[in-house]
Amino acid sequence: MILSFLFPPRCAVCRKLLPYGSKPELCDDCGRDLPRISDPRCQICGRPMDSEFAMPWCQTCSKGRPFEKCFVPFLYDRGVRRLISNMKYYGQPSKARFLAGEIAREMGGFRPDAITFVPQSSATDRVRGYNQTRLIAKELGRLLDVPVRPALRHSPGDRHQVGLSSSERRKNARGMYLPGKKRLSGTWLLVDDVTTTGSTLDVCCRLLKAMGCDRVYAATAAIRDGKKF
Ligand SMILES: [Zn+2]
Ligand SMILES: [Zn+2]
């Protein structure tokens, strides 16, 4: 009670003060403005699909993916875009809790043996002071009571994916991540903040499998609409 007096609840997107005891932590305006993904969507990567498409999975996934399924609640647009870019550049890590809760909801009752996250370069770590993807993973681990372990490494140097075409992204992502030294086993979940073409997820999940994971799932807070990148 005293804590909620000192730290009154605020909207996770716009920071507007909310009435005490508000759940979820969003104001009405932002709650309405969240681009939640609805069906039909690809049963593997979660990307929205045209209803005329006869298959239960998208073209990319029909060629095979290194993960069983990707859990994704939102499109990277409107309120979610604001939420994630605020987290990135203005250091508001508490927002990770909200996104983790939404991912957990997508997962239904599914619980992996361990959770890991896409590593970021040490240069980005230094600028932000934290890895927001790791924060989302940690909150998710706390919610599901599953251990969160670093497993992959970012290669030295900074290689950004922004502004690259989808084939360039794929090539770039291949050199960007390295396996960790530990041997892994069981079912793992890889967390990313935003996915665009999915090439980072593919590369990282392949590495996790090569490190010994029996099955790999992915989770990302938001997916960029195919037509918008
Ligand atoms: Zn709001
Ligand atoms: Zn798909």
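**Exercise 1.** State which elements the buried residues of α9 pack against, and determine how far α9 is enclosed.

*Solution.* Step 1. The buried residues of α9 pack against β1 (70-71), β4 (152-154), α8, β5 (177-179), β6 (187-195) and β7 (215-223). Helices (H or I, at least four residues) and strands (E, at least two) are DSSP runs, numbered from the N terminus. The model is predicted: local features need pLDDT of at least 70, and side-chain atom pairs count only at pLDDT 80 or more, while totals for chains, interfaces and linings use all residues. Residues are numbered from 1 along each chain as its sequence is written, and chains are lettered from A and ligands numbered from 1 in the order in which they are written.

Step 2. A residue is buried if 20 or more other C-beta atoms lie within 10 Å of its own, exposed if 12 or fewer, and partly exposed in between, with C-beta atoms placed from the backbone. In α9 the buried residues are Ser199, Thr200, Leu201, Asp202, Val203, Cys204, Cys205, Leu207 and Leu208.

Step 3. Because nine of its 12 residues are buried, α9 is largely enclosed by the rest of the structure.

Step 4. From its first C-alpha to its last, α9 reaches 17 Å, close to the 16 Å expected at 1.5 Å a residue; the expected span is 1.5 Å times one less than the number of residues. After α9 comes Gly212, with a positive phi near 120 degrees.

**Exercise 2.** Describe how α8 and α9 cross and which residues meet.

*Solution.* Step 1. The axes of helix α8 (residues 166-176) and helix α9 (residues 199-210) come within 9 Å and cross at roughly 30 degrees. Axes are lines fitted to C-alpha atoms, for helices over the stretch in contact, and angles run from 0 to 180 degrees between N-to-C directions.

Step 2. This crossing of α8 and α9 is right-handed. A crossing is left-handed if the near helix is turned anticlockwise from the far one by less than a right angle, and right-handed if clockwise.

Step 3. On the α8 side, Arg169, Arg170, Ala173 and Arg174 meet Ser199, Thr200 and Val203 of α9; two residues are in contact if their C-beta atoms, placed from the backbone, lie within 7 Å. By class, the contact has two nonpolar, two polar and three charged residues. Here Ala, Val, Leu, Ile, Met, Phe, Trp, Tyr, Cys and Pro count as nonpolar, Asp, Glu, Lys and Arg as charged, and the others, Gly among them, as polar.

**Exercise 3.** Classify the orientation of α5 and α7 and describe their contact.

*Solution.* Step 1. The axes of helix α5 (residues 95-106) and α7 come within 8 Å, crossing at roughly 55 degrees.

Step 2. The two helices, α5 and α7, are therefore oblique to each other: angles under 35 degrees count as roughly parallel, over 145 as roughly antiparallel, 65 to 115 as roughly perpendicular and the rest as oblique. The crossing of α5 and α7 is right-handed.

Step 3. From α5, the residues Ala96, Arg97, Leu99, Ala100, Gly101, Ile103 and Ala104 meet Gln132, Leu135, Ile136, Glu139, Leu140, Leu143 and Leu144 in α7. That contact has 10 nonpolar, two polar and two charged residues.

Step 4. Lys95, Ala96, Leu99, Ala100, Glu102, Ile103 and Ala104 are the buried residues of α5. Gly108, whose phi is positive and near 60 degrees, follows α5.

**Exercise 4.** Identify where Arg78 and Asp145 lie, and describe the backbone at each of them and at the bond from Asp39 to Pro40.

*Solution.* Step 1. Most residues other than glycine have a negative phi, and most peptide bonds are trans.

Step 2. Arg78, in helix α4 (residues 78-90), has a positive phi of about 40 degrees although it is not a glycine. Arg78 is partly exposed, with 15 other C-beta atoms within 10 Å.

Step 3. Asp145 lies in the loop between α7 and β4; it is not a glycine, yet its phi is positive, about 60 degrees. With 7 C-beta neighbours inside 10 Å, Asp145 counts as exposed.

Step 4. From Asp39 to Pro40 the peptide bond is cis, with omega near 0 degrees. Pro40 is placed in the loop between α2 (28-32) and α3 (59-62).

**Exercise 5.** Find the contacts of Pro150.

*Solution.* Step 1. Pro150 lies in the loop between α7 and β4 and, with 13 C-beta neighbours inside 10 Å, counts as partly exposed.

Step 2. Not counting residues up to four places away in sequence, Pro150 touches Thr116, Pro119 and Gly180.
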